[in-house]
Structure formats: structure tokens, C-alpha cells
Amino acid sequence: MKKGKQIILNLLATIALATGTPSRSEVGILPRSILLGQSAAFSGPSGELGREFRKGAHEYIQQVNAQGGIYGREIVVIYRDDQYEPARTLTNTKQLVEQEGVFALFGYVGTPTFQAALPIIEANQVPVIATVSGAQALRKLNKSSVFNIRASYHDELSAIVKYLKHYGKKDIALIYQNDSFGKDGKLGLEKALKGEGLRPPVVNLPIPRKAALHVIQKVTQSTVAAKPDAVITISAYNNVANVVEALRQKKSDAQIFTISFVGSQALARQLGKNGHGVGISQVVPFPWDARMPLVKEYQNLITKNRSNTQYGFSSLEGFLAAKVLVEALKDSGPEPTRKKFVAALERMQGKSFGGYRISFSPENHNGSKYVELTFITGGKGAFIH
Amino acid sequence: MFQPNLTAGSVYLLAFLLTLGAAGLAHLLKRIQPINIPSGIMSPMGSIYALTAAFLLSNAFLNVSNLKTSITQEVVTINKLGGLVSALPDLQRVEARRLIYDYGYSIANDESITIQQGMASEKSLLALQRVKDFFESPDANPPQGKEESVLTSNYSKKVTDLLYDLIDARERRIAQAKPGFTQALALALGLMYFALGTTIFVVTTKPWDLFVAGLLLMIAAPVPCQLLILFSNPFSSGIINIKDIFDALLERSL
């Protein structure tokens, strides 16, 4: 009788395995769910980036979960707001990794914030995917478990400089945030200018992360005095908005540029009419141009879900990140481990996500160099590309 | 040119003065010699006034209608050009669109003000020149050797036609924007009003009748004049809001 019961139990276990019924096997892999963590700015100066990224990712994850998840496990993302403050990111990451026991981290926003969390990440070898930062510091971590989808700030600045040179704008001024993000941009700009055979920036002016208006006035005064053809501002959107407004007040006709981290839509909305003509480099395709299958799928999903997500660069980045994440999780098999997950990502070589190609390898954890230039047009937050 | 910065109040003030003048003339004429003109004479006089006003108004309506057509053509052409440059490589496409929509922006924010005086704006002219310069440069050409698509077939001809359309629509808009309410037209209406008023006061004898007739004349007869002023100056009167039209053009992400 006892032997017969054992046979039945073994049989049930075999059936369970054969039908893929989930079981616990790794940190953050629960019988019915996969735990992921995201510490990002959902409020504060870069809050829009985090919120929109989360919305875009959520659209896709919601669909995957509704269709049965990954081998029967739902994806659960635990969100923590760090307000773009490194100290908060560190605390959040500790909680996510050590207390919540997440399988992987996803969609961290910012360079100084991510750098603050890096010791915890490295100590625990937690896979990290799709950081919303283009800093080189995150791109030199090839041996680690960090996977960047977006192009680097250096790639973005190279595209901006190529454009400016092509259209005869050679005297370039730089206003940058005085931290690891801004300094990385400064380095990228200097490299790009050298690469195009142009002079170094005519002015190089640092500003604090939360610059007071009198600081902005002083910095823009010096910039206008240098009579540049173009001004590149590398900072979060409140600083960039203040710089643009100050330059407009001073009747500067220099072409203003900034990079994707600014949070394009938040910037356009805040600037209103003053925003017309401001150039922004982007690391995802144009969210309103459905000719690319990725964008078509993103638009269709938003329509299908009847959500309040607006088309936008950050939400498309979140959507793309979620697609890559889901693909890697699927490719990790029914019993995923962090090792299998990293290996699955490293196998993505030239993989097309609706026309957006991602190439990772064991030696390269930087997935894309896709950059496109856009300009704010009018005063109602529209863009051209 | 008659500068018709006339408010409704000033039109009615003029009508009041003309009415007083007409009443005074009728009184004078009656004192010189008794007048026995039948009141039926008012009917042809009223008809002549109505016909004159209708003739002038129809011209003004036509002008507004033509202006709207020109502006619509301008907006549509800007959109078509913005769409057509999709055939260009990234760097060239974004520059082309930037210049095209800069032109639209300059109309919305600068020319929408100068055009109220019937004038083009320097900023818009410069923006248009930049668009033309771009399309005359090698950057305006799609890459050679690429497979032809609906967008790229006859690309150069399409661009040339659209540029001509854009310039044509702009010229028509500027030409038609000049205030069209001339002194001669104002004089014609004023004379007709005065003649109609005098007739009314001549054929009316009782004081109360005179008062009511004068009041009715003053209320109703200046209305065609008001309409004529509005429609002859559609930009300053707000009948055509060029700023809103071009702002709407810039609300779409492309």
C-alpha cells in the first residue's frame, strides 16, 4: 500500500515536471511568480522618466502575465521611488536584494543613482537589465551582470556633433550637471568634437544637480557672451528647462541640444513655446512612427489595453526593455537561474525586436547604438524626427 | 487705404451723426416747402441700400473664402512637404522637417501679427528662404540607388511642385490680407445711409413716428457696415485666426 502511494506521488511529480508546473529553484523565482525590482525616480526632477518607463514596461508585462506568464509564472515588479537621490537608491537596492529577494533588477534611472547601488549589485551578483543611463561607467562593466539596452551618452553626443558639423555649427558651448552623469557627457562631447575634427567647446560650464536660477542666469550669460553656434546642455529636465528659458530671454539664436535622459516630454511641456526648436537625441525609435514594427506593436498594445499611457520616448523604452527581459526569461527555461538568465541575454546577438536590434555577448553587455535626433516643435509638446 | 479700426461703438456714433444730419436736412426741406412724397418711395430706397451693402459684402465674403483656401493650401503643403522628406536619410530628413516646421512656427507667432496690417513678416520670409535653400542643396536629394517606393518615385518633381504651391499660397494670402475696405466703399455706404435716412424723415410727419423711424434706422442700417468691416479685415477682426490654424499644424508629432 505504502509502495503504491509512493509510485502515485512519483507519477504526479513526473507529470508536474512534464507539464511545466513551476517549482522554487532560485532567489526571486517563486512557484507562481518571478520577482523583479526597480528603484527609479518616480517623483522629483527625473520622475517623469521613471513613471513613463514603468508604464511602458507594465503594458507589456501585463500582457505576458495575462497570457500565462513565463512557464506559468507571473512577472511581479517591486517598485521603489528613489527620487533620483543616490542615497535612496542604495537603501532601496539593499531592501530589494537582501529583504525582498528579487531575481533581477530592472529599469534603474540615472548614473549617480545606479553607481550608488553598484556595490550591492556586484556583491550579490544580481542581474541588472535596461538601466536608463548612457554613462560609460555602466558600459565598462562587461564582466558583470549589468546589461544596457540603450545607446551610450557618447553615442548620443556623437550623433549631435555630426549633425551640427554637417550644418555648419562648429562653435559649441557646453553646460553640464556637475556629477558623474554630466562629467560623462562632457567627456563624450570632447571625444565627439575631436573625432569630427572640431575645436573643444567654446565654454564648459558646470551647474549643480538642482541649480538655483541665479546660477543659471550667470552660466547662460557667459555662454551667450561666447557667441556659440550651438549650446549642448547635459542635465535633468528642470535645469535644462531653466537654461533654455534663460537663453531665450537673452535672445540667443544658438541651436540648443540636450540628450535623451532629460525626459523629452516633461521638458517640452514645461518649456511651452520656448521649447520650439530644441533638439534632443533619442535612443529609441520615434513613438509616433508606426512604420517600425516595434512601434506598431507598442501602439497596438496601448490601444488594446485601453490604458492612459501616452505615446512617448520613455514609455517606449520601458516597453522595449520589458520585451528584452521577457525574451531572456523565456530563453532561461522553465527553471530559470540568474546564471541561465545572464547566459540567455548573452546569446542575443543581432536579435531584432520589431526592427530594433540588440546585440549582447559574453564580452559585450551594451545592446544597442541606436540614436535618432528629434526637435520639439510648437508649444504643445510635439516632436519631429 | 481706409484704416478700419472702427469699433462697433464708433460705427454707431457715425450712424447717429448721419441720422441727425438726415433729420436736420429733412426738417429744413420741409420748412422751405411742404413735401408730399408718398411713403412708397422708401421701398426702392431701401432696396438700393440693401443692394449696395449686399454687393460690397459679397466681395468681402469672397475675399475671406479665398483667403481660407490659401491658408488651407499652405498648411496642407507644409504637411505634405514634411511627409515627403521621409524619403531622406535621418540627418537630412530631420533638418528638412526642422526648417519646414520653423516656417510654420514663424507664421503662427510672428506673421499672425504683421498680417493684421496686411504685411509679411521678416522672420517668416527668412524661414521660407531657409526652406528654399535646403531644397536647392544636395541634402534635399534622396540616396541614389535605393529601391523606388511610392514616396520616392518622382521625388524631385513632387518637391518642386510642393515648394511652388507653398510660395503661391503664401503670396495669395499676403496679397488678399491687405485691408479691403476702401474710402470709396465707406463713402458709398455712408451716402446711401444718409439718403435713406433723409427719405424716412421726409415722408414721416408725426413726431413719435419720426422718433421710432430714426431709432429703427439707427439700429438696423449700420449692421451691413459692421459686417463689411469684419469681413474686409478678417485677420484683425478674428474671423480668420491664422495663429490657431498654424499652431494646430505644430501639435502633431511627425
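Me: Angles under 35 degrees count as roughly parallel, over 145 as roughly antiparallel, 65 to 115 as roughly perpendicular and the rest as oblique. Helices (H or I, at least four residues) and strands (E, at least two) are DSSP runs, numbered from the N terminus. How do α2(B) and α8(B) lie to each other?

Reply: This is a predicted model, in which local features need pLDDT of at least 70 and side-chain atom pairs count only at pLDDT 80 or more, while totals for chains, interfaces and linings use all residues. Residues are numbered from 1 along each chain as its sequence is written, and chains are lettered from A and ligands numbered from 1 in the order in which they are written. In chain B, the axes of helix α2 (residues 42-84) and helix α8 (residues 223-232) come within 9 Å and cross at roughly 25°, where axes are lines fitted to C-alpha atoms, for helices over the stretch in contact, and angles run from 0 to 180 degrees between N-to-C directions. The two helices α2(B) and α8(B) are therefore roughly parallel.

Me: How many charged residues does the contact of α2(B) with α8(B) have?

Reply: Two residues are in contact if their C-beta atoms, placed from the backbone, lie within 7 Å. On the α2(B) side the residues include B:Ala53, B:Leu56 and B:Phe61, and they meet residues of α8(B) that include B:Pro224, B:Leu227 and B:Ser232. Ala, Val, Leu, Ile, Met, Phe, Trp, Tyr, Cys and Pro count as nonpolar, Asp, Glu, Lys and Arg as charged, and the others, Gly among them, as polar. By these classes, the contact of α2(B) with α8(B) has 10 nonpolar residues, one polar residue and, as for charged residues, none.

Me: Is the crossing of α1(B) and α7(B) left-handed or right-handed?

Reply: The axes of helix α1 (residues 8-32) and helix α7 (residues 207-220) of chain B come within 10 Å and cross at roughly 145°. A crossing is left-handed if the near helix is turned anticlockwise from the far one by less than a right angle, and right-handed if clockwise. The crossing of α1(B) and α7(B) is right-handed.

Me: Is α3(B) roughly parallel or roughly antiparallel to α10(B)?

Reply: Helix α10 (residues 242-249) of chain B and α3(B) have axes that come within 8 Å and cross at roughly 160°. That makes the relation of α3(B) to α10(B) roughly antiparallel.

Me: Which helix of chain B gives the most to the side that touches chain A?

Reply: The contact takes 15 residues from chain B and 16 residues from chain A. On the side of chain B, six residues are nonpolar, one is polar and eight are charged. The most, nine residues, comes from residues 90-114, which form helix α3 of chain B.

Me: Which residue of β3(A) stands opposite A:Gly37?

Reply: Five strands of chain A form an open sheet in the order β2-β1-β3-β4-β5, with parallel pairing, and two strands pair if DSSP finds at least two bridges between them. Strand β1 (residues 33-40) and strand β3 (residues 104-106) of chain A pair in the parallel sense over two bridges. Opposite A:Gly37 stands A:Leu105.

Me: Which helix supplies the largest share of the side of domain 1 of chain A that touches domain 2 of chain A?

Reply: Chain A has domain 1 (25-151 + 291-368) and domain 2 (153-282), with bounds from an automatic or database domain assignment. In their contact, 18 residues of domain 1 of chain A meet 19 residues of domain 2 of chain A. The largest share of the domain 1 side, three residues, comes from α4(A).
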